[in-house]
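Work through the exercises below with the sequence and the model open. Each task is followed by a solution in steps.

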Amino acid sequence: TNSLSYSYFPAIDVIDIFPSSLTVGVDVSIRISGVNFFDSLFCQLGQLSKAKAIVIDDKTMHCMFPPMTEPGNVKLEILWGETSMLENTHYLIFYNAVESPA
């Protein structure tokens, strides 16, 4: 006999991403607040490879990525395996650093 096993996880709801705007060329470290976080989650930022989420508790997690190279709006995904766990779309804004006048 073969048996199948299923896991049910409630949808993740993101309430806040901090910071939500970042500078191009700087390492990315974000704190995500929400509900229903669990171990084994990954974050994906745009076309960058997945990064293991650091889940603090069911309401807080951190994600870290290498620097982005271009300004613009970049989609954030929270994944379990290859499955997106988000019901809504979230973006981070990347901008070029403004140089101070000499």
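**Exercise 1. Find the bridge partner of Ser33 in β7, then describe the sheet around this pair.**

Step 1. Ser33 has Thr60 as its bridge partner in β7. Strands here are DSSP runs of E with at least two residues, numbered from the N terminus (helices would be runs of H or I with at least four residues). The model is a predicted one, in which local features need pLDDT of at least 70 and side-chain atom pairs count only at pLDDT 80 or more, while totals for chains, interfaces and linings use all residues. Residues are numbered from 1 along each chain as its sequence is written, and side-chain values use heavy atoms, with hydrogens and water left out.

Step 2. The strands that pair here are β3 and β7 (residues 60–65), antiparallel, over 6 bridges. Two strands count as paired if DSSP finds at least two bridges between them.

Step 3. On to β6: this strand pairs with β7 over 3 bridges, again in the antiparallel sense. Val55 has Met61 as its bridge partner in β7. With 2 residues between them, β6 and β7 form a hairpin.

Step 4. Put together, 4 strands in the order β1-β3-β7-β6 make an open sheet with antiparallel pairing. The edges are β1 and β6 (54–57); each has a single partner strand, so one side of each is left without a neighbour in the sheet. From one strand to the next, the twist averages 25° (axes are lines fitted to C-alpha atoms, for helices over the stretch in contact, and angles run from 0 to 180 degrees between N-to-C directions).

**Exercise 2. How many disulfides are there, and which cysteines does a disulfide join?**

Step 1. Apply the rule: a disulfide is a pair of cysteine sulfur atoms within 2.5 Å. The count comes to 1 disulfide.

Step 2. Cys43 and Cys63 are joined, with an S to S distance of 1.7 Å. The link runs between distant parts of the chain, from Cys43 in strand β4 to Cys63 in strand β7, 20 residues apart.

Step 3. Check the accessibility of both ends. Cys43 counts as buried because its relative accessibility is 0%, and Cys63 is buried at 0% as well. Buried means under 20% relative accessible area, exposed over 50%, and partly exposed in between, with a 1.4 Å probe and protein chains only.

**Exercise 3. Is Glu77 buried or exposed, and what does Glu77 contact?**

Step 1. Locate the residue: Glu77 lies in strand β8 (residues 72–80).

Step 2. Its relative accessible area is 17%, so Glu77 is buried.

Step 3. Setting aside neighbours within four places in sequence, the contacts of Glu77 are Phe42, Cys43, Gln44, Ser84 and Leu86; contact means heavy atoms within 4.5 Å. Cys43 in this list is also an end of the disulfide.

Step 4. Look at the side chain. Glu77 makes a polar contact through its side chain with the side chain of Lys75, at 3.1 Å. A polar contact is a pair of N or O atoms within 3.5 Å; within protein, one must be able to donate a hydrogen and the other to accept it, and residues adjacent in sequence count only if both atoms are side-chain atoms.

Step 5. His90 is in strand β10 (residues 90–95) and is buried, because its relative accessibility is 18%.

**Exercise 4. Which backbone angles stand out in the loops?**

Step 1. Asn36, which is not a glycine, has a positive phi of about 75°. Asn36 sits in the loop between β3 (28–35) and β4 (42–45) and is partly exposed, because its relative accessibility is 30%.

Step 2. Ser40 has a positive phi near 80°. Ser40 is placed in the loop between β3 and β4, and at 39% relative accessibility Ser40 counts as partly exposed.

Step 3. The peptide bond between Phe18 and Pro19 is cis, with omega about -10°. Pro19 lies in the loop between β1 (13–18) and β2 (21–23).
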